[in-house]
Amino acid sequence: MQKSGFVVRFVDVVLILLFGFISISSVRATEIDLAESTETPAPAPDTEEVLFVGIRPDGTYLVDEERIELRGPNELLEYLDAQLGLLGDRPVSVRIRASHDSAMRFLVDAARVADELGLPKALEVRMAGGGE
Amino acid sequence: MATRGFLIRFIDIGLIVLFGFLMISDIEASSSVELAGSRDPLEELQPEDDDERAFVVVAIGADGSFLVGESQTPIEERVRIVEVEVLSRVLRSLDAELGVEDREVVVLIEPHPMSLVQRTVDVMDVCDRLGLPKSLGMNIDVAPGADP
């Protein structure tokens, strides 16, 4: 009787692990592999609306939680301008999430777009080791 | 007895789901580096008129190597470095050298358009570790036709 109880519990555990992995396997938080920084301190909470711009290694920009792909700074400018229109008077900033192996020119292009729209911008990095 | 057995199984399931999510979740801490405007830092800081500060240029090549030297040093006389640790040592010794003359070192980071973002972040980390003020040159021009 005890043995069958143990087997039942074991089967439960295995099935839960199996279904858990199946259901979670399609979840992908982000495809951008950020550059790593050992010295950048932990951020303060955001007090403004943040527009995230992901940059793939091939220079494609990802916006709207990486659901929309934009090719080139002109498309990025159009998108951000449209978002500003929707957000009205709320303070907005741009957070650039560049893949660690993307070229600087794409980051610079994105930064220039933010400058053109008069938006403060920041480069997001992954904290490692000594980051506080 | 049956209730107790059910409860134990329920607890098992709950704990497995919890630990499963914890193991699978990809949690990483991130932070952000404020980026300044796109003006040329050399124009903005006017190093020629500044006797109290020494401007050290760290140019990042497309191959990821660093070319280091004071702003008035000709490019052919600047030091080429590959390792970040060596860069750290060079900047530390430059800071010590120029500190003797009572000049504060300011690092001007000039990345090549095709250099990787990680290399720029590495240089920024070195500057932060050494307590050196830094300025990132965002005035990068790309040759026409060089689109992704």
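Here are the stops, starting with some ground rules.

This is a predicted model, where local features need pLDDT of at least 70, side-chain atom pairs count only at pLDDT 80 or more, and totals for chains, interfaces and linings use all residues. Residues are numbered from 1 along each chain as its sequence is written, chains are lettered from A and ligands numbered from 1 in the order in which they are written, and side-chain values use heavy atoms, with hydrogens and water left out.

**Stop 1: chain B as a whole.** Color chain B by secondary structure and look for 4 helices and 6 strands; helices (H or I, at least four residues) and strands (E, at least two) are DSSP runs, numbered from the N terminus. Trace the chain from the N terminus and the order is α-β-α-β-β-β-α-β-α-β. Of the 148 residues in chain B, 39% are buried (under 20% relative accessible area; exposed is over 50%, and partly exposed lies in between, with a 1.4 Å probe and protein chains only).

**Stop 2: helix H3 of chain B.** Select residues 84-100 of chain B: these 17 residues reach 25 Å from first C-alpha to last, close to the 24 Å expected at 1.5 Å a residue (the expected span is 1.5 Å times one less than the number of residues). Now show side chains for B:Leu87, B:Ser88, B:Leu91, B:Leu94 and B:Leu98, the buried residues of H3(B). They sit on the same side of H3(B) because they cover an arc of only 130° around the axis, taken from the directions from the helix axis to the C-beta atoms. Why does such spacing work? An α-helix has 3.6 residues a turn, so residues three or four places apart point the same way.

Back on the buried side, the cover includes strands S2 (53-60), S3 (66-70), S4 (79-81) and S5 (104-111), plus helix H4 (117-130), of chain B. Just after H3(B), click B:Asp102, which takes a positive phi of about 65°.

**Stop 3: B:Arg78.** Head for the loop between S3 and S4 of chain B, where B:Arg78 sits. Is B:Arg78 buried or exposed? B:Arg78 is buried, with a relative accessible area of 16%. Among the residues that B:Arg78 touches are B:Val57, B:Leu67 and B:Glu70 (contact means heavy atoms within 4.5 Å).
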